[in-house]
Amino acid sequence: MENFSEWFHEILDKGDIMDSRYPIKGMNVWLPYGFKIRKYTLELLKELFDRDHDEVLFPLLIPEEELAKEGIHVKGFEEEVYWVTHGGSKELNEKLALRPTSETAIYPMFALWIRSHIDLPMKYYQIVNTFRYETKHTRPLIRVREISTFKEAHTVHATKEESEAQVEDAIELYKEFFDYLGIPYVISKRPEWDKFPGADYTMAFDALMKDGKTLQIGTVHNLGQTFAKTFDITFENEEGKHVYAYQTCCGLSDRIIASIIGIHGDEKGLILPPSVSPNHITIIPILFKEGKEEVLEKCQTLKEEFEAEGVRVHIDDRDIRPGKKFYDWEIKGTPVKLEIGPRDLKENKTIITRRDNGEKIELPLDETVIDSVIDIIEDVNVSISNKAWENHEDSIKISEDLDEIPKLIKEGNIVGFYWNGKEDSGKAIEEETDYDILGTYNELDSDENKKCIYSGEDAKYLALIAKTY
RNA sequence: GGGACCGUAGGGUAGCUUGGUCGAUCCUUUGGGCUUUGGGAGCCUGAGACUCCGGUUCAAAUCCGGGCGGUCCCA
């Protein structure tokens with residue numbers, strides 16, 4: 001892919017996903033096809049979170065006083081907040097913020113709701129839009145001023161151990177989610193200087209895009225008791241004492257869609273994982289004047305038979321030549337195309353084409369066709385995931401030479417290196433290489449005897465560095 | 001945070017340097033008609049644009065300033 005950025009914009013447009021011409025910087029319009037992808041993606045996500053979270057919905061506006069309560073938190077966002085200052089022509093007594101994230105909207109309510117250890121753990125999530133006044137150049141789905149799809153989960157626990165376990169649970173949930181989408185990731189603990197404002201620590205998922213930059217696609221934060229103390233979230237424990245709660249939160253955004261597009265797509269366009277594709281099968285009828293009715297009838301029957309098995313089917317019966325339809329659906333990434341014309345009816349066969357590898361398969365048009373195609377769709381799901389993971393793993397390199405790192409990153413790799421974990425050496429490494437440390441990947445045993453790539457001291461971690469979005 | 005570049009139909013462009021020939025080029029898109037239909041068809045006939053505000057000038061798509069919007073690079 002020569003120019004990823006150009007390609008990405010073109011896919012959003014031609015794939016009928018987003019219109020980025022809305023006249024406000026960083027705010028875009030979801031188009032029907034893209035909105036369906038979003039819908040199926042969210043359905044998967046909700047299914048996972050509904051296991052042990054409850055969905056809620058908080059208001060968009062946050063009073064200034066609440067937003068400003070948590071000092072470190074507000075500092076992390078203050079330059080990015082949109083303010084509502086007027087009601088009509090009347091200036092408001094108190095400015096209202098469009099939520100950049102919802103901690104400060106939700107936690108005052110948590111303080112009201114939580115009385116006793118019986119109320120805990122409390123696990124809520126919501127899927128909303130959030131606003132951040134990005135001053136730098138924005139790009140659809142990746143860096144926007146209105147995050148139109150922001151899933152945020154907020155949990156409250158009685159003990160530190162429970163909150164730490166919750167962080168692990170959330171990571172497992174995200175892994176499962178990204179596995180459904182076939183999106184490969186690295187998980188790391190963000191360095192101190194890059195964690196969520198107000199958090200004790202931040203765990204992050206990063207995906208490697210085709211242009212060699214990593215995209216943060218999910219985060220899980222352990223908030224400790226910082227917010228509990230700020231918002232006075234206390235509960236009466238079993239000993240009858242009032243103590244502060246422990247909290248976590250985690251988030252996903254529009255970027256999950258960006259990663260689906262950016263990781264699976266190719267020169268011809270989108271390649272959608274069947275798990276979120278609006279249509280699993282697109283049927284392309286080949287219509288002549290003669291035999292038109294019979295062909296369409298057969299398409300309709302097939303559609304109903306597939307739908308009875310839970311397969312999403314679209315018949316493209318537009319009055320245009322078939323060649324155009326093939327191209328259109330390649331751009332849109334439909335996993336399987338199924339072609340039926342008069343000749344096929346006569347010979348009792350059909351041709352199906354896989355989008356992921358372009359393979360054309362001739363199948364007999366009888367009662368076996370339903371199961372055969374369903375098998376193929378499942379195989380597509382597995383294949384595109386495997387392919388993505390292979391590419392991903394090939395692009396992770398470990399280096400013990402600081403001077404070699406920029407070269408490896410330029411070639412599109414995420415680079416692992418040994419680090420003593422100290423901020424001064426971390427910052428120095430970022431400065432010397434000109435790239436960003438994603439975080440620590442794992443902790444080293446002392447008997448591994450690795451040295452920090454910068455200081456030469458004993459290394460404590462294997463850490464990751466990359467070119468980031 | 002710093003810097004560079006850009007803005008002409010829905011999309012992509014020519015024209016801008018040297019203001020007038022612009023009633024604005026070409027491709028794509030799009031309405032109607034004919035003809036076609038197994039990988040982006042063809043022909044006929046229509047439609048569609050100078051980012052906004054201000055300035056310079058007899059005259060601005062073209063020059064100047066600002067706003068808005070976009071792209072890229074560096075931190």
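V382 belongs to helix 12 (residues 369-394), where helices (H or I, at least four residues) and strands (E, at least two) are DSSP runs, numbered from the N terminus. Between the C-alpha atoms of V382 and F205, which are 177 residues apart along the chain, the separation is 21 Å.

The model is predicted: local features need pLDDT of at least 70 and side-chain atom pairs count only at pLDDT 80 or more, while totals for chains, interfaces and linings use all residues. Residues are numbered from 1 along each chain as its sequence is written, and chains are lettered from A and ligands numbered from 1 in the order in which they are written.

Chain A contains 14 helices and 23 strands. Its radius of gyration is 25 Å, close to the 23 Å given by the globule rule for 469 residues, so chain A is as compact as a globular protein of that length. The radius of gyration is taken over C-alpha atoms, and the globule rule is 2.2 Å times the number of residues to the power 0.38. The C-alpha trace of chain A spans about 80 × 60 × 50 Å along its principal axes. Of the 469 residues in chain A, 42% are buried. Among contacts between residues at least 6 apart in sequence, 67% join residues at least 24 apart; two residues are in contact if their C-beta atoms, placed from the backbone, lie within 7 Å.

The surface near RNA strand B was examined next. Around RNA strand B there are 31 residues, of which S5, K25, G323, G341 and R343 come nearest. A residue is near a molecule or strand if its C-beta atom, placed from the backbone, lies within 6 Å of it. Two or more residues of this surface are given by each of helix 10 (322-331), helix 11 (342-347) and strand 18 (349-354). Helix 10 supplies the largest share, seven residues. By residue class, the surface near RNA strand B holds 13 charged, ten nonpolar and eight polar residues. In this division Ala, Val, Leu, Ile, Met, Phe, Trp, Tyr, Cys and Pro count as nonpolar, Asp, Glu, Lys and Arg as charged, and the others, Gly among them, as polar.

Between helix 11 and strand 18 lies a loop that contains N348. The phi of N348 is positive, at about 55°, although N348 is not a glycine. N348 is exposed, with 9 other C-beta atoms within 10 Å. A positive phi of about 60° is also found at D16, likewise not a glycine. D16 sits in the loop between helix 1 (4-14) and strand 1 (18-19). With 20 C-beta neighbours inside 10 Å, D16 counts as buried. A further backbone feature is the cis peptide bond that joins L120 and P121, with omega about -5°. P121 is placed in the loop between helix 5 (103-113) and strand 7 (122-131).

Strand 23 (residues 461-468) is mostly covered, with six of its eight residues buried. Strand 23 pairs with strand 22 (residues 436-443) in the antiparallel sense over six bridges, two strands being paired if DSSP finds at least two bridges between them. In this pairing E443 stands opposite Y461. Strand 21 (residues 414-419) also pairs with strand 23 in the antiparallel sense, over five bridges, and F417 stands opposite A463. The pairing of strand 11 (residues 213-224) with strand 23 is parallel and extends over two bridges; T214 has T468 as its bridge partner.

Strand 5 and strand 6 (residues 90-98) run antiparallel and are joined by five bridges. Within this pair, V84 has L96 in strand 6 as its bridge partner.

Key:
A residue is buried if 20 or more other C-beta atoms lie within 10 Å of its own, exposed if 12 or fewer, and partly exposed in between; C-beta atoms are placed from the backbone.
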